[in-house]
Amino acid sequence: LAVAVTFDGKYIVSGSTDKTVKVWNLDTGREECTLEGHRNHVKAIAVIDQQYIVSSSTDTTIKVWNIHTAKEVLTLEGHNSSVTAVAFSPDSKCIISGSADSTIKVWGFQVGGEGVS
C-alpha cells in the first residue's frame with residue numbers, strides 16, 4: 001500500500017495490508033528487516049533521514065522507526081480515523097499527517113541523543 005526510498009538510494013521501505021513495514025536492500029533485493037507494531041493496514045511511509053522512517057495506518061496511529069535497530073521509537077496518537085498520509089517538513093522538525101477524519105495534524109519532531117522525542 002505504501003513505498004518510499006531512502007535518500008541515499010540504498011533501501012526501499014514498504015508498508016502493507018499485513019500490518020508491517022519492511023526495509024529492502026535495493027542492491028541485493030533482500031529484506032533487511034520487518035517492523036511490526038501497527039494493528040491494521042499501513043497506508044503511508046515517509047523517510048526522515050538515513051536512520052528514521054515514519055509510517056501511518058488505518059489503526060489511527062503514526063509510528064517512527066529506527067531502521068538500523070529495527071525498533072519503534074515513537075507512536076503518535078490523536079486522529080480519530082485512518083491516517084492516510086504522512087510527510088516531513090523540509091527542515092525535518094515536524095511530521096505532518098492527514099487522516100480520513102478530515103484533519104491534518106502537525107507534530108513536533110526532534111532527533112536526540114537517546115532517540116526521538
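How many bridges pair β3 with strand β4 (residues 31-36), and in which sense do the two run? Keep that in mind as you open the viewer. One thing before we start: this is a predicted model.

**Stop 1: the sheet with β3 in it**

Show the strands β1, β2, β3 and β4. They make an open sheet of 4 strands, in the order β1-β2-β3-β4, and the pairing is antiparallel. Now pick out β1 (2-5) and β4, which stand at the edges. Each has a single partner strand, so one side of each is left without a neighbour in the sheet. Look along the sheet and you'll see some twist, which averages 15° from one strand to the next.

What holds strands together like this? Strands of a sheet pair through backbone hydrogen bonds, either parallel or antiparallel.

**Stop 2: β2 into β3**

Select strand β2 (residues 11-15) along with β3. These run antiparallel, and 5 bridges join them. For one of the pairings, click on Ser-14: its bridge partner in β3 is Lys-22. Next, follow the chain through the turn. β2 and β3 form a hairpin with 4 residues between them, and Lys-19 in that turn has a positive phi of about 75°.

**Stop 3: β3 itself**

Now select residues 20-25, which are strand β3. Why is this strand described as largely enclosed by the rest of the structure? Because 5 of its 6 residues are buried; here, buried means under 20% relative accessible area.

**Stop 4: β3 into β4**

Time to settle the opening question: β3 and β4 pair in the antiparallel sense over 5 bridges. Trp-24 has Glu-31 as its partner in β4. Then trace the hairpin of β3 and β4, with 5 residues between the strands. Stop at Gly-29, which takes a positive phi near 80°.

**Stop 5: the other sheet**

Hide those strands and show β5, β6, β7 and β8. Here 4 strands form an open sheet in the order β5-β6-β7-β8, again with antiparallel pairing. The edge strands are β5 (42-47) and β8 (71-77), and each pairs on one side only. Neighbouring strands of this sheet are turned by 20° against each other on average, direction ignored.

How values were computed
Residues are numbered from 1 along each chain as its sequence is written. This is a predicted model: local features need pLDDT of at least 70, side-chain atom pairs count only at pLDDT 80 or more; totals for chains, interfaces and linings use all residues. Side-chain values use heavy atoms; hydrogens and water are left out. Two strands pair if DSSP finds at least two bridges between them. Axes are lines fitted to C-alpha atoms, for helices over the stretch in contact, and angles run from 0 to 180 degrees between N-to-C directions. Buried means under 20% relative accessible area, exposed over 50%, partly exposed in between (1.4 Å probe, protein chains only).
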